[in-house]
Amino acid sequence: MGLNIVMLGAPGAGKGTQAERFAQARALPKISTGDILRRGVKEQLPVALLAKEKMDRGDLVDDDTMVTIVRDRLAQPDTDVGFILDGFPRTVSQARVLDTIIDERGKGPLLVVDIVVPQDELARRLSGRRICSACGANAEPADDADSKCRRCGGTPVFRADDTEAVVLERLRVYARATKPLVEYYRERPTFCAVNGSQAQAQVALELSTMVDAVAVRSGVVAVEARGAGGG
Ligand code: AMP
């Protein structure tokens with residue numbers, strides 16, 4: 001059985017960064033549906049170009065498109081050891097389909113981590129967020145305007161969907177469509193919440209400890225090296 005993880009949290013909660021750290025520390029594939037869509041737009045794939053308008057507005061792309069993307073990705077053999085999903089599910093209906101996919105795979109239960117950050121801090125964090133134009137990695141908040149991507153040396157740029165109006169819309173969409181997911185998962189023994197307001201390394205440590213506890217509780221044996229969640 002692998003570590004099959006879903007990372008929940010509002011835009012700006014640090015989901016992507018923590019997912020990346022954890023994936024590296026445990027040698028798990030990180031699957032970010034936002035990254036897949038942005039890569040698709042760059043490669044001019046029809047399905048991604050159709051989604052682009054919604055992404056630029058801060059709206060959600062339709063469930064069918066997203067479910068198809070994730071179903072295909074989870075069928076790849078590198079996910080046999082587990083995976084970490086970042087940005088999916090975003091609606092209860094996506095979560096229901098994901099439950100079916102997980103059941104059909106028969107490779108262990110879903111562990112759900114919610115990264116919790118208060119609303120006013122989210123808005124502050126979101127204006128000013130940059131990603132690498134080459135590989136899509138998040139730039140470190142401490143990096144200055146001339147810093148290069150720490151992963152590939154590429155140039156960080158502001159995200160097209162991080163302008164103020166779009167940021168507010170994304171937070172609204174989160175509150176309406178995605179936050180109910182927390183209620184959908186909360187009562188499960190495989191659910192845990194992490195305080196995302198702490199320093200990044202502290203969040204990583206808490207996340208790592210909680211995932212291990214939840215994994216033991218639900219009968220999943222974590223075989224990879226432990227530690228402070230990497231990096
Ligand atoms: P992200 O990088 O996860 O913030 O995703 C960027 C944008 O891609 C979102 O604002 C949505 O427009 C779209 N998107 C990514 N994942 C999903 C999903 N699971 N459901 C619907 N839309 C999504």
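How many bridges join E1 to E3, and in which sense do the two strands run? Strand E1 is joined to E3 by 5 bridges, and the two run parallel.

## Basis of the description

The model is a predicted one, in which local features need pLDDT of at least 70 and side-chain atom pairs count only at pLDDT 80 or more, while totals for chains, interfaces and linings use all residues. Residues are numbered from 1 along each chain as its sequence is written, and side-chain values use heavy atoms, with hydrogens and water left out.

Helices (H or I, at least four residues) and strands (E, at least two) are DSSP runs numbered from the N terminus. Two strands are taken as paired if DSSP finds at least two bridges between them.

## The sheet

Five strands form an open sheet: its 5 strands follow the order E2-E3-E1-E4-E7, with parallel pairing. Strand E2 (30-32) and strand E7 (191-195) are at the edges; each has a single partner strand, so one side of each is left without a neighbour in the sheet. On average, neighbouring strands of this sheet are turned by 20° against each other, direction ignored. Axes here are lines fitted to C-alpha atoms, for helices over the stretch in contact, and angles run from 0 to 180 degrees between N-to-C directions.

Strand E4 (residues 110-116) pairs with E7 in the parallel sense over 5 bridges. Within this pairing, Asp114 has Ala193 in E7 as its bridge partner. Helix H9 (residues 200-217) packs on the sheet and touches strand E1 (3-8), E4 and E7, and its direction makes about 165° with that of E7. Contact means heavy atoms within 4.5 Å.

## Strand E1

Strand E1 also pairs with E4, in parallel and through 5 bridges.

In E1, 6 of its 6 residues are buried; buried means under 20% relative accessible area, exposed over 50%, and partly exposed in between (1.4 Å probe, protein chains only). In a regular strand the side chains alternate between the two faces of the sheet. Both faces of E1 are covered, with Leu3, Ile5 and Met7 buried on one side and Asn4, Val6 and Leu8 buried on the other.

## The ligand and its shell

An oxygen atom of the ligand is 2.6 Å from a polar backbone atom of Asp59, and an oxygen atom of the ligand is 3.1 Å from an N or O atom in the side chain of Arg90. A nitrogen atom of the ligand lies 3.0 Å from an N or O atom in the side chain of Gln94. Taken alone, the ligand exposes 480 Å², of which the protein buries 96%; accessible areas come from the Shrake-Rupley method with a 1.4 Å probe.

Thr33, Gly34, Asp35, Leu37, Gly40 and Val41 of H2 are buried. The cover over the buried residues of H2 includes E2, helix H3 (46-57), helix H4 (63-74) and strand E3 (82-86). Just after H2, Gln44 takes a positive phi of about 60°.

## Gln94

Gln94 is placed in helix H5 (residues 92-105). With 2% relative accessibility, Gln94 counts as buried. The side chain of Gln94 reaches the backbone nitrogen of Arg90 at 2.7 Å. Leaving aside neighbours within four places in sequence, Gln94 is in contact with Val61, Asp63, Met66, Val67, Phe88 and Pro89.

## Two loop glycines

Gly14 lies in the loop between E1 and helix H1 (15-26) and is partly exposed, with a relative accessible area of 23%. Not counting residues up to four places away in sequence, Gly14 touches Ile115 and Arg125.

Gly108 is in the loop between H5 and E4 and is buried, at a relative accessible area of 15%. With residues up to four places away in sequence left out, Gly108 touches Met1, Asn4 and Ile102.

Key: Polar contact = N/O pair within 3.5 Å; in protein donor to acceptor, adjacent residues only side chain to side chain.
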